[in-house]
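This briefing goes through one protein model, topic by topic. Keep the structure open while reading and find each element as it is named.

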Amino acid sequence: MNEHKQDEQQNNKPNASLETSGHQREITGEITTSDIRSVQTTSSSRVLIVTAVDAEKDAVLRGLGDTAAERFDVIAAGVGPASAAAGTAATLAYAVAAASTSALAHGSTAPSPSDVAQTSATSSRPGPLAGAGNSPAYMLVISAGIGGGFPGRADVGSLVVADAMVAADLGSQTPDGFLSVDELGFGSSIVAADAELAARLRHELQRAGLAVSGGTAVTVSTATGTAETAAELLRRVPDAAAEGMEGFGVATAAQQFGVPALELRAISNAVGPRDRDAWRIKDALDALQAASSILREVITS
């Protein structure tokens with residue numbers, strides 16, 4: 001029996017092997033043009049939820065239930081910050097373009113491509129694409145999935161609703177240690193979450209009896225597999241609670257369109273030494289499903 005089949009049986013996942021924060025993921029499919037075109041674009045009160053892989057997407061959809069299509073679009077954009085940012089930006093751009101086309105059909109005037117390009121090229125503020133005159137097609141973007149939890153801050157099986165998303169390995173090594181892109185003066189590695197909504201979601205998750213914490217969700221391109229790396233991440237980000245591979249990418253894309261962002265992580269493993277026997281992927285997916293049910297109530301209330 002090969003390793004993939006063993007993982008499927010151990011984690012009770014018939015369609016995909018999924019590993020995160022030290023887990024190698026086997027993706028059942030990447031985001032496609034048809035995926036993007038399937039999103040709804042008629043209302044600015046919709047929520048876009050971005051996962052990495054189909055197993056996470058399916059858990060979110062189960063939690064949202066039959067009414068998901070009324071307010072939510074859920075996509076699996078791929079693993080890592082680059083895929084997450086590209087998939088999120090493509091979906092948001094398509095929604096803005098579709099909204100502009102609809103406005104033109106009803107006699108409104110949309111900004112020209114040159115206006116959008118000029119605004120994007122000259123603006124240094126967050127949300128340059130939204131600043132061209134288009135209203136965002138979404139009220140909120142959420143990065144959702146399973147990930148690692150820092151021991152003592154987010155236990156395996158619990159949830160993290162982040163206060164901020166930080167690209168923890170975006171910077172430079174120096175003889176004196178790591179310097180973030182902020183310290184180098186080349187930009188920012190931090191995107192703040194929607195504070196009011198994050199607090200409200202944590203409160204409702206707690207009321208539902210689910211274990212949840214706040215703190216920072218760190219985004220990495222190489223998942224942590226040693227105690228030394230975990231300690232280094234905590235040195236860089238002292239309030240780190242969860243580790244994932246997509247949150248900062250999703251949040252950065254949302255920021256460029258002027259849309260607030262959240263990150264929701266269900267903890268499948270401890271950040272630190274790689275220990276496959278300790279992974280609880282199914283439990284984390286179940287927690288993600290439960291959290292998505294509460295999320296639906298928070299967003300629609």
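Two residues are in contact when heavy atoms of theirs lie within 4.5 Å. In this predicted model, residues 24 or more positions apart account for 80% of the contacts with a separation of 6 or more. The protein has eleven helices and twelve strands. Of its 301 residues, 46% are buried.

**Strand 3 and its partners**

- Strand 3 (138-149) is mostly covered, with eleven of its twelve residues buried.
- Strand 1 (46-51) is one of the strands that pair with strand 3 (138-149). Strand 1 and strand 3 run parallel and are joined by five bridges. In this pairing, Arg46 has Tyr138 of strand 3 as its bridge partner.
- Strand 12 (261-270) also pairs with strand 3. The sense is parallel, and the pairing extends over nine bridges. Ser143 has Glu263 of strand 12 as its bridge partner.
- Strand 11 (residues 240-244) pairs with strand 3 in the antiparallel sense, over two bridges. Here Gly148 stands opposite Glu243 of strand 11.
- In a regular strand, the side chains alternate between the two faces of the sheet.

**The hairpin of strands 6 and 7**

- Strand 6 (residues 171-174) and strand 7 (residues 177-180) run antiparallel and are joined by four bridges.
- A hairpin of two residues links strand 6 to strand 7.
- Gln173 has Phe178 of strand 7 as its bridge partner.

**Helix 3: what covers it**

- Which residues of helix 3 are buried? They are Ala55, Glu56, Ala59, Val60, Gly63 and Leu64.
- An α-helix has 3.6 residues a turn, so residues three or four places apart point the same way.
- The cover over the buried residues of helix 3 includes strand 1, strand 2 (72-76), strand 3 and strand 12. Helix 4 (68-71) and helix 11 are also included in this cover.
- Just after helix 3, Gly65 takes a positive phi of about 80°.

**Helix 3 against helix 11**

- Helix 3 (residues 54-64) and helix 11 (residues 281-300) have axes that come within 7 Å and cross at roughly 40°.
- The crossing of helix 3 with helix 11 is right-handed.
- On the side of helix 3, the contact is made by Ala55, Glu56, Ala59, Val60, Arg62, Gly63 and Leu64. On the side of helix 11, it is made by Leu285, Leu288, Gln289, Ser292, Ser293 and Arg296.
- By class, the contact of helix 3 with helix 11 has six nonpolar, four polar and three charged residues.

**Helix 8 against helix 11**

- Helix 8 (residues 195-207) packs on helix 11 at an angle of about 125°, with the axes 10 Å apart. That angle makes helix 8 oblique to helix 11.
- Helix 8 passes helix 11 in a right-handed crossing.
- Leu197, Arg200, Leu201, Glu204 and Leu205 of helix 8 meet Ala291, Ile294, Leu295, Val298 and Ile299 of helix 11.
- The contact of helix 8 with helix 11 divides into eight nonpolar, no polar and two charged residues.

**Two buried residues in helices**

- Leaving aside neighbours within four places in sequence, Thr88 is in contact with Leu48, Val50, Val141, Val250, Ala253 and Ala254.
- Ala230 lies in helix 9 (residues 227-236). Ala230 has 8% relative accessibility and therefore counts as buried.
- Not counting residues up to four places away in sequence, Ala230 touches Phe150, Thr224, Val271 and Gly272.
- Ala230 and Phe150 are 80 residues apart along the chain, and 8.0 Å separates their C-alpha atoms.

Notes
Residues are numbered from 1 along each chain as its sequence is written. This is a predicted model: local features need pLDDT of at least 70, side-chain atom pairs count only at pLDDT 80 or more; totals for chains, interfaces and linings use all residues. Side-chain values use heavy atoms; hydrogens and water are left out. Axes are lines fitted to C-alpha atoms, for helices over the stretch in contact, and angles run from 0 to 180 degrees between N-to-C directions. A crossing is left-handed if the near helix is turned anticlockwise from the far one by less than a right angle, and right-handed if clockwise. Ala, Val, Leu, Ile, Met, Phe, Trp, Tyr, Cys and Pro count as nonpolar, Asp, Glu, Lys and Arg as charged, and the others, Gly among them, as polar. Two strands pair if DSSP finds at least two bridges between them. Buried means under 20% relative accessible area, exposed over 50%, partly exposed in between (1.4 Å probe, protein chains only). Angles under 35 degrees count as roughly parallel, over 145 as roughly antiparallel, 65 to 115 as roughly perpendicular and the rest as oblique.
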